[in-house]
Amino acid sequence: MTPRTPTSEVLEALLTNPLEGRATLAWMMDRLGDRSFGVVLLLLAILGLLPGVSPVVAVLLLVPAVQMIRGNHRPVFPRSVADRAFETRKLERLIRRVVPVLRWLERFIQPRWGTPFQATKRVVGGVIIVLAIGLLTPVPLSNVPIALMIGLIAFAYLEEDGVLLCAALAVTFIMLAAAAVVAWETLGAMGLARSML
């Protein structure tokens, strides 16, 4: 059985023989192959940590998440998005910052507790949709824990670490349940909960 290439090495491979000066999302998807879903989710999760951009990230997350549920082999974005060029130095700067963190995490995260690939892909896609909707919540700093969970789930999915993925999904469920309770209590305080029953 061929050892699985660590995600850090997959990202670094993007920097070898890049397009001259500019690249496109379609080019990046072709280079990533079967890792494209996980890498897209991971990069979007990192962007989701930034203030002010979480609504845009939430919308972009819905594209790969829905396609994961449908069982697509790789994400397919609208041509206007996929063919839009960006400077490769920006991609390189982002990868250079992310790779050292991933290398450190890869010391502890590894393939274990193998799960059915297609079933896992669909479950992850469904959970990402729920978390992406949570990114639209207009509460200051609420994007940070959600983006962190998306990143953790994406990384566990990329590394095929069933233990970490189950733990991340459990924490996500608890986080969503707590958010639902808080929302219900808030509605109750406003006198709206009773009218909804």
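Predicted model: local features only at pLDDT ≥ 70, side-chain atom pairs only at ≥ 80, totals over all residues.
Residues are numbered from 1 along each chain as its sequence is written, and side-chain values use heavy atoms, with hydrogens and water left out.

**Entry: nonpolar patch**

I found Leu 47 in helix 3 (residues 36-48). My helices are DSSP runs of H or I with at least four residues (strands are E runs of at least two), numbered from the N terminus. Together with Leu 50 and Val 53, Leu 47 makes a nonpolar surface patch of about 220 Å². Patch residues have over 30% relative accessible area and no salt bridge; nonpolar side chains (Val, Leu, Ile, Met, Phe, Trp, Tyr) are joined within 5 Å, like charges within 9 Å. The areas come from the Shrake-Rupley method with a 1.4 Å probe, and for residues only the protein chains shown count as cover.

**Entry: positive patch**

Next I checked the charges. Arg 22, Lys 90, Arg 93 and Arg 97 form a positive surface patch. Lys and Arg count as positive, Asp and Glu as negative, while His and the chain ends are not counted. Each charge is placed at NZ of Lys, CZ of Arg, CG of Asp or CD of Glu. Helix 6 (residues 88-105) gives the most to this patch, with 3 residues. Arg 97 sits in helix 6, and I have it down as exposed because its relative accessibility is 63%.

**Entry: salt bridges**

How many salt bridges does a search of the whole structure find? I get 3, taking a salt bridge as a side-chain nitrogen of Lys or Arg within 4 Å of a carboxyl oxygen of Asp or Glu.

Arg 103 pairs with Glu 12 at 2.8 Å, N to O. Arg 103 is in helix 6 and Glu 12 in helix 1 (residues 7-13), so this bridge ties together parts 91 residues apart in sequence. Both ends are partly exposed: Arg 103 has a relative accessible area of 44%, and Glu 12 has 25%.

Arg 74 bridges to Asp 30, with the closest N and O atoms 3.1 Å apart. Distant parts of the chain are linked here too, since Arg 74 is in the loop between helix 4 and helix 5 and Asp 30 is in helix 2 (residues 25-32), 44 residues away. Arg 74 is partly exposed at 32%, whereas Asp 30 is exposed at 55%.

Arg 96 and Glu 92 have their closest N and O atoms 3.6 Å apart. They are 4 residues apart in helix 6, so about one helical turn separates them. I noted Arg 96 as partly exposed at 48% and Glu 92 as partly exposed at 34%.

Is Gln 67 buried or exposed? I have it as buried, because its relative accessibility is 9%. Gln 67 belongs to helix 4 (residues 54-70). Leaving aside neighbours within four places in sequence, Gln 67 is in contact (heavy atoms within 4.5 Å) with Phe 37, Asn 72, Arg 74, Pro 75 and Val 76.

Last, Val 81 is in helix 5 (residues 79-82) and is partly exposed at 32%. Val 81 and Leu 25 are 56 residues apart in sequence, yet 7.4 Å apart in space, C-alpha to C-alpha.

Terms used. Buried < 20%, exposed > 50% of the residue type's maximum accessible area, 1.4 Å probe, protein only.
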